[in-house]
Amino acid sequence: MADVKRIAVLGAGGLGRNMARLLEQKKEMRLVAVCDKGGYAFDPTGISSAQVEAAAGTTVANIPCIGKTSSDSIADLVALRSEIDGVFLALPNLPNEFLPSVVEKLARGGFQGVMVDALKRTRAVEMMVGLNDLLAASRITCITGAGATPGLLTAAAALAAQSFVEVESVEIYFGVGIANWDAYRATVREDIAHLDGFSVEKVAAMSDAEIEQELEKRNGVLELVNMEHADDVILEMAGIVSRDKVKVGGVVDTRNPRKPVSTTMKLTGVTFEGKRSTHVFTLGDETSMAANVNGTALGYMNAGFWYHARGLYGVFTCADLMPKWPH
């Protein structure tokens with residue numbers, strides 16, 4: 001058990017709680033720390049998903065025996081850096097600079113290990129990439145944009161591109177179904193920020209009641225088009241296609257766990273024989289957002305450990321490397 005990787009999850013919302021459930025089914029990784037704005041919990045022997053779930057709606061600081069109230073839980077986890085191998089960043093990312101600022105704080109605090117995020121916005125990922133020199137000097141291996149989209153679907157596009165000498169377009173269209181928006185408050189807020197008339201700043205200032213009113217107007221369904229999604233900059237940085245040829249949209253139903261539409265990635269290109277064709281990658285409708293985001297994030301976390309052990313530090317994207325499935 002000596003080589004079991006010790007994982008900290010920053011954020012105890014929907015993705016954070018489901019990551020605890022997923023980690024419980026892994027033999028090569030163990031959840032040892034979790035934090036939210038109210039405090040943190042730490043147990044080197046492992047934290048169960050039941051413990052994290054019991055704190056839903058309050059704070060993980062209330063977990064008996066291992067929880068502690070804190071006004072700066074990130075700093076407290078930095079103090080525990082020798083007890084943590086990998087960090088999954090499941091915190092809300094409103095405004096764009098919030099998550100990059102957390103990563104910078106961890107780096108300057110002396111953490112040396114692997115970080116993975118599921119950032120979605122182009123600007124946020126660009127800011128993460130801008131931290132490359134600091135993270136490389138800090139002996140940190142960071143994989144950014146490592147959720148479902150960007151993440152799983154972006155990596156699928158990078159792989160699909162190999163059939164062609166020119167990529168003409170990448171279209172990602174996703175369907176997400178959740179029983180109620182309370183389960184994924186931060187994610188729903190980020191989605192609303194993509195709608196006409198909204199911005200990251202406006203949504204960050206909205207109360208929960210105002211979010212609920214907006215969802216009520218739309219019968220709980222968000223139809224998203226031409227989103228500012230980091231799949232574009234990631235595929236551009238990978239040299240596959242210019243960002244203007246990448247389109248991302250989707251439908252989010254905040255009142256029904258069934259996906260409103262299937263999630264697909266379509267890449268169109270021209271082969272060396274001059275033939276135009278389209279590769280289509282479709283996710284099974286039964287896989288939830290949490291399964292596709294958290295599963296992919298852990299795969300990239302595992303790959304990050306492989307890179308880190310070989311002295312490869314800095315910021316990588318989901319198109320730079322293949323995830324490695326952890327047992």
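Predicted model: local features only at pLDDT ≥ 70, side-chain atom pairs only at ≥ 80, totals over all residues.
Residues are numbered from 1 along each chain as its sequence is written, and side-chain values use heavy atoms, leaving out hydrogens and water.

Let's start with the sheet. Eight strands form an open sheet in the order β4-β3-β2-β1-β5-β6-β7-β13, with mixed pairing. Strands here are DSSP runs of E with at least two residues, and helices are runs of H or I with at least four, numbered from the N terminus; two strands pair if DSSP finds at least two bridges between them. At the edges sit β4 (67–69) and β13 (314–317), each pairing on one side only. Strand β7 (residues 141–144) runs parallel to β13 and is joined to β13 by four bridges; the partner of T141 in β13 is G314.

Now look at helix α4 (residues 98–108). Its buried residues (under 20% relative accessible area, 1.4 Å probe, protein chains only) are L99, P100, V102, V103, L106 and A107. Because they cover an arc of only 155 degrees around the axis, they lie on the same side of α4; the arc is taken from the directions from the helix axis to the C-beta atoms. These buried residues pack against β1 (5–10), α3 (73–79), β5 (86–89), β6 (114–117), α5 (122–129) and α6 (132–137), where contact means heavy atoms within 4.5 Å. After α4 comes G110, with a positive phi near 105 degrees.

Note on methods: Buried < 20%, exposed > 50% of the residue type's maximum accessible area, 1.4 Å probe, protein only.
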